[in-house]
Amino acid sequence: RLATSTGLTLPATTVFDHPTPTALTHHLLPQLTTTPEHAEDTGTDGPGGPREEEIRRAIAGLSLTQLRDAGLFEPLMVLTGLGAVDTAEEAEEQSAIDDMDVDDLVQAALAEDS
């Protein structure tokens with residue numbers, strides 16, 4: 001799925017060779033953001049070229065859910081300077097809601113209205 005989404009040719013072992021989202025991001029980022037001196041190495045013609053546009057379109061087509069599921073959302077938020085989103089807190093809150101029964105949910109909703 002990463003190869004399809006990024007347009008890169010990736011070995012089947014990529015996610016095993018780079019097991020964390022951060023490691024994977026550090027591995028893929030140079031391939032996705034090439035500079036003219038690296039253009040020959042990656043088969044692109046540098047920033048603004050057809051390969052960059054193809055990659056931008058592929059990334060733009062990804063949903064936030066896909067990025068989260070792939071473990072790439074947090075690293076991309078940090079790389080773009082938009083900061084990290086506390087997904088651990090969101091996951092904990094969602095888990096707490098999932099554990100509630102109907103009465104608990106009604107009580108929580110009424111407490112928020114007060």
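Student: Which elements are included in what covers the buried residues of helix 7?

Tutor: Two ideas come before that. Helices (H or I, at least four residues) and strands (E, at least two) are DSSP runs, numbered from the N terminus. Buried means under 20% relative accessible area, exposed over 50%, and partly exposed in between, with a 1.4 Å probe and protein chains only. Here, the cover over the buried residues of helix 7 includes helix 3 and helix 6. The buried residues themselves are Phe-73, Pro-75 and Met-77. Just after helix 7, Gly-81 has a positive phi of about 85 degrees.

Student: What should I keep in mind about the model itself?

Tutor: It is a predicted model, in which local features need pLDDT of at least 70 and side-chain atom pairs count only at pLDDT 80 or more, while totals for chains, interfaces and linings use all residues. Residues are numbered from 1 along each chain as its sequence is written, and side-chain values use heavy atoms, with hydrogens and water left out.

Student: How many helices and strands does the protein have?

Tutor: There are nine helices and zero strands. Buried residues make up 20% of the 114 residues.

Student: Which residues does Leu-67 touch, beyond those up to four places away in sequence?

Tutor: Contact means heavy atoms within 4.5 Å. Leu-67, in helix 6, touches Leu-62, Leu-72, Phe-73 and Leu-76 when residues up to four places away are not counted. Leu-67 counts as buried because its relative accessibility is 12%.

Student: And Thr-25, is this residue buried or exposed?

Tutor: Thr-25 sits in helix 3 and is buried, because its relative accessible area is 8%. Leaving aside neighbours within four places in sequence, Thr-25 is in contact with Pro-30, Leu-72, Pro-75 and Leu-79. For its polar side, take this idea: a polar contact is a pair of N or O atoms within 3.5 Å; within protein, one must be able to donate a hydrogen and the other to accept it, and residues adjacent in sequence count only if both atoms are side-chain atoms. The side chain of Thr-25 reaches the backbone oxygen of Pro-21 at 2.7 Å.

Student: Where does Thr-6 lie, and what is it in contact with?

Tutor: Thr-6 belongs to helix 1 and counts as buried because its relative accessibility is 7%. A polar atom of its side chain lies 3.2 Å from the backbone nitrogen of Leu-8. Neighbours within four places in sequence aside, Thr-6 is in contact with Leu-32 and Ile-55. Glu-54 of helix 5 is 48 residues from Thr-6 along the chain, yet their C-alpha atoms are separated by 8.5 Å. Glu-54 counts as partly exposed because its relative accessibility is 36%.

Student: Which residues are closest to the centre of the largest pocket?

Tutor: On a 1 Å grid over the protein atoms alone, a pocket is an open set of points where a 1.4 Å probe fits, with protein on both sides within 12 Å along at least five of seven lines; lining residues have an atom within 4 Å of a point. The largest pocket has a volume of about 720 Å³, where volume is the space filled by probe spheres set on the points, joined across faces, edges and corners. Of its 29 lining residues, the closest to the centre are Leu-32, Ile-59, Leu-62, Leu-67 and Leu-76. Elements that give two or more residues to this lining include helix 1, helix 3 and helix 5.
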